[in-house]
Amino acid sequence: MTQEALSDLTEPGLLRVGINLGNPLLVTGTKPSGDPEGVAPEMAAALAKKLGVSVKYVTYATPGEIADAAVRDEWDIGLIAVEPKRAEVIAFCDAYVEIEATYLVPAGSSLTSIEDMDQPGVRIAVSERAAYDLYLSRTLEHAVLHRAQGLAGAFELFRNEKLDALAGLVPALKENAEKLAGSKVLDGRYTSVRQAIGTKHESKALNAVAEAFVANAKASGLVGDLIDKYGVAGKLQVAGPS
């Protein structure tokens, strides 16, 4: 199967990896070489080692850009969150980590639970084309999403426009709450964002090898070790079965 997977690579001997720089839990820094550093890049490097090839990181500012690049053959594997819309162009393996998503509300808000949020007139800031934006876009019936570029942009939109809530990942929202007196991160979650390795649909052998690699990485403790190594314990969790 490995030899067949190697045939799925566009450049012989090289695994091109699409990496989202917009998630600071998965990409926590940059190496002296300029390559991204963190749980996601190291997962990709470990897969490249298993395949016996070199790794090349192709970086993007947002996960949506990685999804767009799937049809342009810019990467062999992409590491972003699983979402039905993205699955139209990406064949996802089982997730390796997951992150809970909820809302931040300002001081004095009458919105005290996730169930309160989907009401007419409620305005929610969100990072455009993030996995939770895609989830909320298909599940909210009454509340209106207001989109901005990236996590920081969504927070500024929420604060400057005095919107009713900020949708996001729990760890990031907790940091945002420290910058906004009296604000509150709501308990619970409306979804869990599941980060995965994906391939092009036609790369079936590469996908099968990546799927087996992820299963072993979770079972062997590699994923948990990477979470500890990069200081994101309590923020990322090893993903459960899908």
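**Charges, fold and a few residues**

Author: The chain has 24 positive and 32 negative charges, and their mean positions lie 2 Å apart. Lys and Arg count as positive and Asp and Glu as negative, while His and the chain ends are not counted. Each charge is placed at NZ of Lys, CZ of Arg, CG of Asp or CD of Glu.

Reader: What should I know about the model itself?

Author: It's a predicted model: local features need pLDDT of at least 70, side-chain atom pairs count only at pLDDT 80 or more, and totals for chains, interfaces and linings use all residues. Residues are numbered from 1 along each chain as its sequence is written, and side-chain values use heavy atoms, with hydrogens and water left out.

Reader: OK, how many helices and strands?

Author: The chain has 8 helices and 13 strands. These are DSSP runs numbered from the N terminus, with helices being H or I of at least four residues and strands E of at least two. The radius of gyration is 18 Å, close to the 18 Å from the globule rule for 242 residues, so the chain is as compact as a globular protein of that length. That radius is taken over C-alpha atoms, and the rule is 2.2 Å times the number of residues to the power 0.38.

Reader: And what are the spans along the principal axes?

Author: The C-alpha trace spans about 60 × 35 × 30 Å.

Reader: How much of the chain is buried?

Author: 50% of the 242 residues count as buried. Buried means under 20% relative accessible area, exposed over 50%, and partly exposed in between (1.4 Å probe, protein chains only).

Reader: Switching to helices: which residues of α6 are buried?

Author: Val170, Pro171, Ala172, Leu173, Asn176 and Ala177. That makes 6 of the 8 residues of α6 (residues 170-177), so the helix is largely enclosed by the rest of the structure.

Reader: What covers them?

Author: The cover includes β7 (97-105), α5 (150-160), β10 and β11 (184-185).

Reader: Nice. What about asparagine 207, buried or exposed?

Author: Buried, with a relative accessible area of 14%. Asparagine 207 sits in helix α7 (residues 204-219).

Reader: Which backbone oxygen does its side chain reach?

Author: The side chain of asparagine 207 reaches the backbone oxygen of alanine 91 at 2.9 Å. Polar contacts here are N or O pairs within 3.5 Å; within protein, one atom must be able to donate a hydrogen and the other to accept it, and residues adjacent in sequence count only if both atoms are side-chain atoms.

Reader: Where are the residues with positive phi?

Author: Aspartate 73, for one, has phi near 55 degrees, a positive value in a residue other than glycine. Aspartate 73 is in the loop between α3 (63-69) and β5 (77-81). Arginine 129 has phi near 70 degrees and is found in the loop between β8 (123-127) and α4 (131-139).

Reader: How accessible are they?

Author: Aspartate 73 is partly exposed at 30% relative accessibility, and arginine 129 is partly exposed at 34%.

Definitions and conventions:
Contact = heavy atoms within 4.5 Å.
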